[in-house]
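Subject: Handing over the structure

Hello,

Here is the structure I promised to pass on. Please open it beside this note. My findings follow below.

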Amino acid sequence: MAFSIDRMAAELRGLRGKKHVSQQEVADAVGVERVTIKNYENGLTVPSYEIAWKLADYYGVSLDTIGGRS
């Protein structure tokens, strides 16, 4: 399966929704600005490996899940 930024964005939006947290709460937890989380969730940018790892830890999922390979 090829990487899809849209699939990753949808996964990140869904994970945040399931956890019932704001973009700011996620940003604070992983050490980025709120607009950065917004950009990830809208498919405008992708997180670095380090931030993807932090997001996976925060949501309690694998990097495959973050990347849309669930």
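Which residues in α1 meet which residues in α4? L12, L15, R16 and K19 of α1 meet L55, Y58 and Y59 of α4. Contact here means heavy atoms within 4.5 Å. Helices (H or I, at least four residues) are DSSP runs, numbered from the N terminus. By class, this contact has five nonpolar, no polar and two charged residues. Ala, Val, Leu, Ile, Met, Phe, Trp, Tyr, Cys and Pro count as nonpolar, Asp, Glu, Lys and Arg as charged, and the others, Gly among them, as polar.

A word on the source. This is a predicted model, in which local features need pLDDT of at least 70 and side-chain atom pairs count only at pLDDT 80 or more, while totals for chains, interfaces and linings use all residues. Residues are numbered from 1 along each chain as its sequence is written, and side-chain values use heavy atoms, with hydrogens and water left out.

**α1 and α4**

Helix α1 spans residues 5-19 and helix α4 spans residues 49-59. They pack at an angle of about 30 degrees, with their axes 11 Å apart. Axes are lines fitted to C-alpha atoms, for helices over the stretch in contact, and angles run from 0 to 180 degrees between N-to-C directions. The two helices, α1 and α4, are therefore roughly parallel to each other. Angles under 35 degrees count as roughly parallel, over 145 as roughly antiparallel, 65 to 115 as roughly perpendicular and the rest as oblique. The crossing of α1 and α4 is left-handed. That term applies if the near helix is turned anticlockwise from the far one by less than a right angle; clockwise makes a crossing right-handed.

**The two sides of α4**

Which residues of α4 are buried? They are I51, A52, L55, A56 and Y59. They cover an arc of only 140 degrees around the axis, which puts them on the same side of α4. Buried means under 20% relative accessible area, exposed over 50%, and partly exposed in between (1.4 Å probe, protein chains only). The arc is that of the directions from the helix axis to the C-beta atoms. The buried residues of α4 pack against α1, α2 (23-30), α3 (34-41) and α5 (63-66).

The face of α4 turned away from its buried side carries the exposed residues Y49, E50 and D57. Take Y49: its relative accessibility is 57%, so it counts as exposed. The C-alpha atoms of Y49 and V26 are separated by 16 Å, and the two residues are 23 apart along the chain.

Y58 is also found in α4. Leaving out residues up to four places away in sequence, Y58 touches K19, V21, E25, V26, A29 and V30. Y58 and D28 are 30 residues apart in sequence and 11 Å apart in space, C-alpha to C-alpha. After α4 comes G60, with a positive phi near 70 degrees.

**α2 and α3**

The buried residues of α2 are Q23, V26, A27 and V30. They cover an arc of only 100 degrees around the axis, which puts them on the same side of α2. What covers them includes α1, α3 and α4. G31 follows α2, and its phi is positive, near 80 degrees.

How do α2 and α3 cross, and at what angle? Their axes come within 8 Å and cross at roughly 110 degrees. That makes α2 roughly perpendicular to α3. In this contact, Q23, Q24, V26, A27 and V30 of α2 meet R34, I37, K38 and E41 of α3. The residues divide into four nonpolar, two polar and three charged.

**Two more residues to look at**

H20 is found in the loop between α1 and α2. H20 is not a glycine, yet its phi is positive, about 55 degrees. H20 is exposed, with a relative accessible area of 70%.

A10 has its place in α1. At 35% relative accessibility, A10 counts as partly exposed. A10 and V32 are 22 residues apart in sequence and 19 Å apart in space, C-alpha to C-alpha.

Best wishes
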